Amino acid sequence: MLLAFAMGKTKKIRAVFPAFVVAAAFLCACGPSVSPEDQEFNQYVNMTREADSPDARIRYSTLALDLCTAKRGNKIRSELLASRAMGYQQKDQLRQALEDLDVAIHLDPNNAELYSNRGKLFSDMGDYAKAQAEIEYALKMDSKIPHAHLNLGLNCERQKNFECAYSQYAETMKLKPDFAQAYVLRGKLLAQMGDNAAALADFGDVLKLQPKSSEAHYERALLYAQSGYVNEAINDLTVSIQNERGDEKARFMRAYYYFRLKRYAESKDDLTAILKLNTDNKKARMLRGYVLLCDGNPRAARFDFENLVDTADNISLASLGLALAYYKEGFPDYAVFNYRRAVRVAPYFAQPAKKLAADTKYFYLANFASELAAIQSAARADSGVNPDEVGRKVRISKE
């Protein structure tokens, strides 16, 4: 009986033993438990590192910093501050970025990349001497930092020291051959230097590394347009817009090229999309006014010009647009009144209509040589137009 009991016990022990081993192994694998606060902190740190926009970088780094107690150490706090500084810098909030970087460097004074980042920030603030000293200090600490050479090259370029800029971009590529941003910056530099073929090659290399690079497509589009390949430029800008929705710069340039090709409906659509997102974009509103004029809708054009005519930077060109709109609507007195206002602000517009229409700076006027000539002729005839009376009528018509 004792033997049977012992054998029964043994079977029970054998049955229990595997379960005990599995449970023990599970507990060992899991290690010590992580507190909810630590889990939340680690989550925000990872989200900061993976952030793909300035707003996300600022938001998640701030949330992580709120949980970053002294026990977590200086290095992680420095990393989070540097990441938030980058977000501020991308949003052009340079003072906030500098405050965070200063603290990040204080917490991690042996981190050469932080000095390079602060040098780039000084360069963005226009303090090129301070920027150069800061970046060179970083390179003394570690001469193999690709970003530091890139930042030094950009700082040299901003001071028109193209030879220094070119050599630093080349050094960046030597250290990191797949660094797409280095090819972008060197391409832009080569374009400034007039070597469009080499610039196009660099932008092509960027697109091999990063096929969806909006910046490379945009810059290549500008070079295509300069060389007369406007349709190719539009194709690149379309890709840029698709890859980076809400890119006002690329959309405006595409609208401008559509305008040059007399594809007015497509130009108007792009400009309207810009103004829907940013009603204060004066360049887009001005161009849309002239697009509407060309497309045979002077009344709608007048709405855009009237929104611009009270702003100091746009009064002359907007007044000229109003003059053309009123002329096309059959109100010559209003046309002359607005033309005279444009000339008072910018006497340049008193020049012969053909010369104005041929001036590439005022590309808006290229299609209106005959209308401008007629308005100028009426203004010279001094047909009894009283500017004060016309102004009163214009105000009444708006009401």
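Author: Buried here means under 20% relative accessible area. By that cut-off, Asp304 is buried and Arg285 is buried too. The model is predicted.

Asp304 and Arg285 form a salt bridge, with the closest N and O atoms 2.8 Å apart. This pair links distant parts of the chain. Asp304 belongs to helix α17 (residues 298–308), Arg285 to helix α16 (residues 282–294), and 19 residues separate them.

Next, Asp270 and Arg254. Their closest N and O atoms are 2.7 Å apart, in a salt bridge. Here too the pair links distant parts of the chain: Asp270 is in helix α15 (residues 264–277), Arg254 in helix α14 (residues 248–260), 16 residues apart. Asp270 counts as buried because its relative accessibility is 3%. Arg254 has 11%, so Arg254 counts as buried as well.

Now a pair within one helix. Asp205 and Lys208 meet through their side chains in a salt bridge, 3.8 Å from N to O. Both lie in helix α11 (residues 196–209); they are 3 residues apart, so about one helical turn separates them. Asp205 is partly exposed, at 27% relative accessibility. Lys208 is exposed, with a relative accessible area of 67%.

Some salt bridges join up. Glu37, Asp38 and Arg72 are linked in a network of them. The count for the model comes to 23 salt bridges. Side chains of opposite charge can pair when their charged atoms come close.

Definitions and conventions. Residues numbered from 1 in each chain as written. Predicted model: local features only at pLDDT ≥ 70, side-chain atom pairs only at ≥ 80, totals over all residues. Heavy atoms only, no water. Salt bridge = Lys/Arg side-chain N within 4 Å of Asp/Glu carboxyl O. Helix = DSSP H or I, 4+ residues; strand = E, 2+ residues; numbered from the N terminus. Buried < 20%, exposed > 50% of the residue type's maximum accessible area, 1.4 Å probe, protein only.
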